[in-house]
Number of protein chains: 2
Amino acid sequence: MENHSDIRINSERLERSLKEMGEMGFTPETGGRNRLALSDGDKVGRDLLCKWIIDSGFELRIDEIGNIFAYRAGTDKDAAPVIMGSHIDTVRDGGLFDGAYGVLGSLEVMRTLNDNNITTTRPVALAAFTNEEGARFQLDLMGSSYFTKARTLDVVYAVKDDAGLSIEGELKRIGYCGNKTIPYGNYFELHIEQGPKLDVEGVSIGAVEGIQGLAWWRCEYSGEANHAGSTPMELRHDTLLAAAEAAMEVEKLALRIGNSCVGTVGRISVEPDVINIVAGKCCFTVDFRQYDKALFEQGKHEVEDIFARCAGKRGLKFEFKRLVDVPPVSFDADMVSLVERKAKEIGYSVKRMYSGAGHDAQFVCKVCPAAMIFVPSKDGRSHCPEEWTDFADAAKGCNVLLQSVLELI
Amino acid sequence: MENHSDIRINSERLERSLKEMGEMGFTPETGGRNRLALSDGDKVGRDLLCKWIIDSGFELRIDEIGNIFAYRAGTDKDAAPVIMGSHIDTVRDGGLFDGAYGVLGSLEVMRTLNDNNITTTRPVALAAFTNEEGARFQLDLMGSSYFTKARTLDVVYAVKDDAGLSIEGELKRIGYCGNKTIPYGNYFELHIEQGPKLDVEGVSIGAVEGIQGLAWWRCEYSGEANHAGSTPMELRHDTLLAAAEAAMEVEKLALRIGNSCVGTVGRISVEPDVINIVAGKCCFTVDFRQYDKALFEQGKHEVEDIFARCAGKRGLKFEFKRLVDVPPVSFDADMVSLVERKAKEIGYSVKRMYSGAGHDAQFVCKVCPAAMIFVPSKDGRSHCPEEWTDFADAAKGCNVLLQSVLELI
């Protein structure tokens, strides 16, 4: 293929696309977007995306779970496509960029290929995966897990929303239950960081090496609810203090492991929750993440040791449940290097990093070589109306995607 | 007066009285007593008490706030009475002893004087104060504060319950709005400890020197709600961790001050309270008690320093409100010594101690010499159906009350 290293995407068109998609499901009362999977908001977003795919001359395919694909054929009929993907569903009152940026950035790359009349050997495809967020139907990464055969149709169709509505029924209602997929080739996912690292360090591009392993627990301490005035400190079985100590120990553990490790107590509640009664019960959660497989396993054991140790010190009963346990994911080393190299060639600052959040790429990377490209999130905010990435940064990420794709097709 | 040091109360009658009063407001579903102030449960308890007062030949007096007095005249018409008192109202699903023990113990002492045909110089009186608990009408120690003129009738009548019902209306409805009081003389209050000290140490009698000073705060931390996966530990403003640290610092403070000091975080709540989001807001309360006036003042400042220090370390905004601030109360030294001496003379083990909980005595001690007598609470439990004091221990406390009263009349 001839040298296309000077080609850049149309940043004005990318910005227009993002803003136009941002009107779909927009809720003036909150300033957020509500494109919960398979809702009316999601439908109008899908309709707009499909119109753009067709208007750009790409082949539209929709599969059984409502994943939307745009297919741009190559000269080699047997070659597997280079896929770019993400999602357009949002959480409740989500922002302009999470998911939509990856999908519209991919569309922009394909449009740029058209603009420059570039013929490719391998096909190029876009994938917009259904229900990445899991905010309405609470099984996240649904579309990508079905696409990669990690979950069967039976499993994903069995999930219902809080109103008891089914995936299949809602897919049919909004007209997105199809039967056409695409083959696996390579996979790139462009996404906002959803964390503050790039923003704080002033770096434009994150070459994402993988996704941190994730474990969630709910822990419950049972002690004794006693009068706060007449129960001496040394005779107490204070569950709130034990949970407080556990929360601080989890913080210390994450800092000690280092290596971008994070540990969070996000929920806590006590009983009887009365100002002058020592808390007899305390429930709290722990979210623990680490990308190194050995450190992830070690950290999980240490978290459970903390539960026991903090209970033991105060003579409490305790029980915990590991709610989630997803091991770390490593992306394809060559593809990560490709992203890093392309960013440098264009002249953008770039750093290797791990994703703290889950993404469709974590399923797709199991079936084909994959990598992700991150761009800065202002103040690390996401999943809220304030979520923001400067359009200049969005264009940079998209140019890295374009140049990385061009290398493979 | 002749020597009555061998006289003892009728322990079977005391037990019968306690059990019979325990049927008033009894709730089979919970096993608790519901004599919330001025409720139907309280009314049947009052009716039973008044019947006993009249049947025993004492003069019944009821004042404007519904305090019930039993008056046994002495030979000196001008002498001020020796008053014994407590309350018969309960919290929701309260136990057999809290309050009722003091009132029925006092009645038992007066009945014992009758049994032994003892004529006294000074009058002897019983006081059952209205709404000590503040569980329904949320201004506790209501009857004793009105009796001692610490609060005016306007102030106490202005309090309404959650249904908007007034004190005056409820007093009239149950027939306990009177206009007769008694003069101040000396005051004894017999009560269960509501804490575990006597039970744990195997001591029969507590000679109560005073009531700990009490301060309550509500503190709110505001930080930043961020993604638990993608926000590095060092860039967080985690309000839950700051509150956790504050809770542990309050514990350390109480242990460092010693001197029976207690500090408790009984309530805590976070926002958004989501497993994978760093808590952006955290509210918690502190209950702090200490009987030494200087240490109480010092401790209050240190608690507020803790609020600021734990917020500062994590770059949080904070605000707090001191909800309650009641200085320590010291009882009359001679009366405390009298209680201690009488316990020893009878042959009961006794220790001087402070009350961690509030009692009617803390108002009455402002207008006349007062002291309290504690008996053991099994496992320190109170304000619950499981609240328990062995009847043998109840009888011992009542004998100490009898002998202490006999010394003054």
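This is a predicted model: local features need pLDDT of at least 70, side-chain atom pairs count only at pLDDT 80 or more; totals for chains, interfaces and linings use all residues.
Residues are numbered from 1 along each chain as its sequence is written, chains are lettered from A in the order in which they are written, and side-chain values use heavy atoms, without hydrogens and water.

Chain B is superposed on chain A by a rotation of 180° with 0.1 Å of shift along the axis, at an RMSD of 0.1 Å (least squares on C-alpha atoms of residues with pLDDT of at least 70 in both copies). The two copies are thus related as by a two-fold rotation axis. In chain B, the C-alpha nearest this axis belongs to B:A244, 2.2 Å away.

In chain A, helix 1 (residues 11–23) packs on helix 3 (residues 100–115) at about 140°, with axes 10 Å apart. Helices are DSSP runs of H or I with at least four residues; axes are lines fitted to C-alpha atoms over the stretch in contact, and angles run from 0 to 180 degrees between N-to-C directions.

In chain B, helix 8 (residues 239–257) and helix 9 (residues 293–313) pack at about 155°, with axes 9 Å apart. These two helices of chain B are therefore roughly antiparallel. Their contact (heavy atoms within 4.5 Å) includes B:A242 and B:E245 of helix 8 and B:L295 and B:G299 of helix 9.

Notes
Angles under 35 degrees count as roughly parallel, over 145 as roughly antiparallel, 65 to 115 as roughly perpendicular and the rest as oblique.
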